[in-house]
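Hi,

Here is the structure I promised to pass on.

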Amino acid sequence: MLTIQGLSYAYSDRFLFKNLSFDLNSGELIQLKGRNGSGKTTLIKVLCGILKNYEGSISFVNFDNSEEQNEIFYLGHKNALKDNLTVLENLKYDYRSDGIELARLKENLAILGLENYLFTKVSDLSEGQKRKIILSCFIASDKPIYLLDEPLINLDEESKKIVSSEIENKINSGASVIFTSHEKNILATKDINLDEYAT
Amino acid sequence: MIFLKSFFSREVLIYSKKTSNVISPVIFFLICISFFPLAISNDPNELSKLAPGLIWICILLAGMLSIQTIFKEDYDDGSLDLFYVRGFSMLQVVLVKIFVNWIFTALPLILLSCSMVFLLYFPIDKLFNLIGSLFLGTLIISFFGALAGALSLGKNSILASAIMLPLSLPVLILGSSASTYSNENITFFILLLSALLFFSVPIISLACIGAIRLHYE
Amino acid sequence: MNKLLSSIKLFYHKLGSFPWFYNISSKFLPVSSALAFMILCIGIVWGIFYSPSDATQGEVYRIIYMHVPAASVAQSIYFALAIAGFVYVVWKMKMAGLFIKAMAPIGASFTLLALISGAIWGQPTWGTWWVWDARLTSTLVLLLFYLAIIGLYSSFDNKKSADQAVSILAMVGAINLPIIKKSVDWWNTLHQPSSIKVFEESTISPEMLYPLLICILAFYLLVFVFGLMAMRAEIAKREMHKDWFRKIIIKND
């Protein structure tokens with residue numbers, strides 16, 4: 001689905017990683033490993049299209065004429081939730097919950113224990129609860145590629161298990177996932193260690 | 001088109017929830033206006049002469065405070081990242097943001113300037129000129145302020161004002177002239193303001209898009 | 001013809017290379033500094049001692065030998081910054097970004113010099129240190145634009161983003177500057193029909209004109225020299241860790 005060839009990213013005067021090449025196929029779960037600062041978050045941002053000044057090539061294959069941009073689900077460090085709107089209003093205008101019916105979103109919020117918080121302002125929620133709102137979009141969504149940056153951060157044990165199993169469900173239904181995590185909960189099919197590509 | 005509508009509704013919703021967005025420029029404007037009679041002179045003749053310039057200065061300052069942060073919130077909480085991921089047209093984003101900000105912050109101020117007829121003894125026959133020039137001028141100022149905000153994104157400094165104010169000088173001069181003189185002369189100034197607006201919309205929007213982009217490198 | 005085009009292209013590519021520029025400028029610098037200093041001396045001495053005194057202003061007018069070149073240079077540098085900004089944004093030439101960073105303080109200094117010399121000239125001639133006419137006001141705004149560029153550059157940590165930001169600002173400012181000048185002009189013609197003329201260029205006599213032209217040439221040469229020095233310093237700052245730079249330093253020791 002996704003082919004990376006010779007990808008390098010320069011930051012100020014030094015390269016963060018150089019000559020990275022790998023393939024992402026349907027049903028694969030890739031974990032990005034590396035020390036802090038080795039470029040895991042940067043690589044995810046490059047793959048998403050947020051950072052564009054990279055060298056090398058990124059190509060999406062086997063997509064029918066729909067735009068590439070619509071096929072990626074990005075979960076970043078920042079939540080991108082508006083603090084002064086309620087959960088429901090946020091979900092209504094959030095592009096991660098695009099095309100998902102409200103009933104399904106409510107179901108998934110319930111899975112993570114947030115069914116009673118639909119009309120609460122986001123600023124009244126804890127960090128973990130804010131994260132869960134976006135994770136419920138993740139569970140409900142149906143994209144071919146998922147790029148998750150620290151999906152299990154700020155969660156309680158039970159939710160971590162739920163999210164891990166949801167990632168596995170997505171893999172089993174043919175999507176592909178690249179994630180970074182310092183946790184041991186998720187078993188990946190492939191590892192990419194960015195320390196090997198550091199200069 | 002769908003994106004434009006939904007993004008517009010999103011921005012309107014965000015602005016309408018935070019009443020401080022609308023109230024703060026109004027308070028600032030009124031306080032600034034009050035400085036002049038209190039600190040300089042409350043003689044009606046003098047105030048009447050100074051009124052067009054004073055109104056324009058205070059509108060510029062109040063607008064400066066509210067326009068510079070239009071991209072800051074979305075940049076800080078990661079929403080701008082999502083726009084890039086989904087490949088949304090940044091031109092539409094910039095234009096909608098500036099326009100919605102103008103509706104919620106500049107429009108109340110323009111309406112409020114009508115009351116300057118009483119507060120600053122502004123000559124009532126020139127009121128129409130004032131409102132017309134303010135409409136055009138505040139739009140231009142919004143564009144320059146958005147560029148200043150985009151260039152200084154993520155930096156908490158007074159730099160954005162330092163960029164925006166010199167750029168807004170022509171608007172101040174033209175708008176103030178348009179409000180001061182009688183109808184025969186002002187068509188010239190209004191035409192110039194319209195021309196300025198017409199050219200700054202595409203040029204400054206493109207500059208804004210480039211300026212936001214460079215914070216992602 | 002083809003040879004000319006290809007040599008121009010070669011020059012353009014070389015211009016974007018830091019090592020080539022550093023080497024070439026070290027050869028230019030001594031000659032051009034001497035030339036600039038010499039021409040400046042000729043112009044100043046001629047202007048101050050050997051040109052006739054003015055009918056209305058007496059000896060005071062001689063400050064135009066500093067004021068006019070400074071003002072002319074200040075404006076030209078800004079438009080050069082705007083062109084460099086355009087080159088940087090469109091063709092991504094690193095040298096253009098460096099040019100903006102190096103020349104902005106030089107331009108600001110000359111603008112300040114123009115303002116102060118203008119004020120010194122104004123005081124004995126018209127009785128005030130300052131007058132808000134089109135030229136002086138637009139020079140003040142020019143100073144503000146320069147300071148904005150310097151301030152914006154310093155607010156960035158990443159030099160590439162900083163170059164991009166000041167390129168955008170320089171271009172937008174350059175479009176704005178003529179508009180400001182014209183609008184202050186029209187404002188003034190409505191307010192003061194008898195505008196104070198800062199200087200009457202059309203009636204300047206040839207004996208006063210020649211030293212003025214020499215001083216203008218000298219100032220442009222000075223800016224060239226200062227510009228080379230500033231750009232070399234900026235190259236040194238940016239390429240400090242690179243091999244080619246270290247070799248040059250070792251060679252010079």
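The model is predicted, so to speak of local features I needed pLDDT of at least 70, side-chain atom pairs count only at pLDDT 80 or more, and totals for chains, interfaces and linings use all residues. Residues are numbered from 1 along each chain as its sequence is written, while chains are lettered from A and ligands numbered from 1 in the order in which they are written.

Chain A first. It has five helices and eight strands (DSSP runs numbered from the N terminus: H or I of at least four residues for helices, E of at least two for strands). Read from the N terminus, the order is β-β-β-α-β-β-α-α-α-β-α-β-β. Chain A is as compact as a globular protein of its 199 residues, because its radius of gyration is 17 Å, close to the 16 Å from the globule rule (taken over C-alpha atoms; the rule is 2.2 Å times the number of residues to the power 0.38). The C-alpha trace of chain A spans about 50 × 35 × 30 Å along its principal axes. Of the 199 residues in chain A, 37% are buried (20 or more other C-beta atoms within 10 Å of the residue's own, with C-beta atoms placed from the backbone).

Now chain B against chain A. Here 17 residues of chain B are in contact with 20 residues of chain A (C-beta atoms, placed from the backbone, within 7 Å). On the chain B side, α1 (2-17) and α5 (79-86) are the elements that give two or more residues, and α5(B) gives the most, with six. That side divides into six nonpolar, four polar and seven charged residues (nonpolar: Ala, Val, Leu, Ile, Met, Phe, Trp, Tyr, Cys and Pro; charged: Asp, Glu, Lys and Arg; polar: the others, Gly among them).

Chain B against chain C takes 22 residues from each of the two chains. In chain B, α8 (127-151), α9 (159-167), α10 (169-180) and α11 (183-213) each supply at least two residues. The chain B side divides into 15 nonpolar, five polar and two charged residues.

Of its 175 residues, B:Leu147, B:Leu151, B:Ala211 and C:Leu169 touch the most other members. Helix α3 (residues 64-91) of chain C gives the most to this core, with 14 residues. Leaving aside neighbours within four places in sequence, B:Leu151 is in contact with B:Ile163, B:Ala211, C:Leu152, C:Ala165, C:Ile168 and C:Leu169.

Cheers

How values were computed:
Buried ≥ 20, exposed ≤ 12 C-beta atoms within 10 Å, placed from the backbone. Core = buried A, V, L, I, M, F, W, Y, C linked by C-beta atoms within 7 Å.
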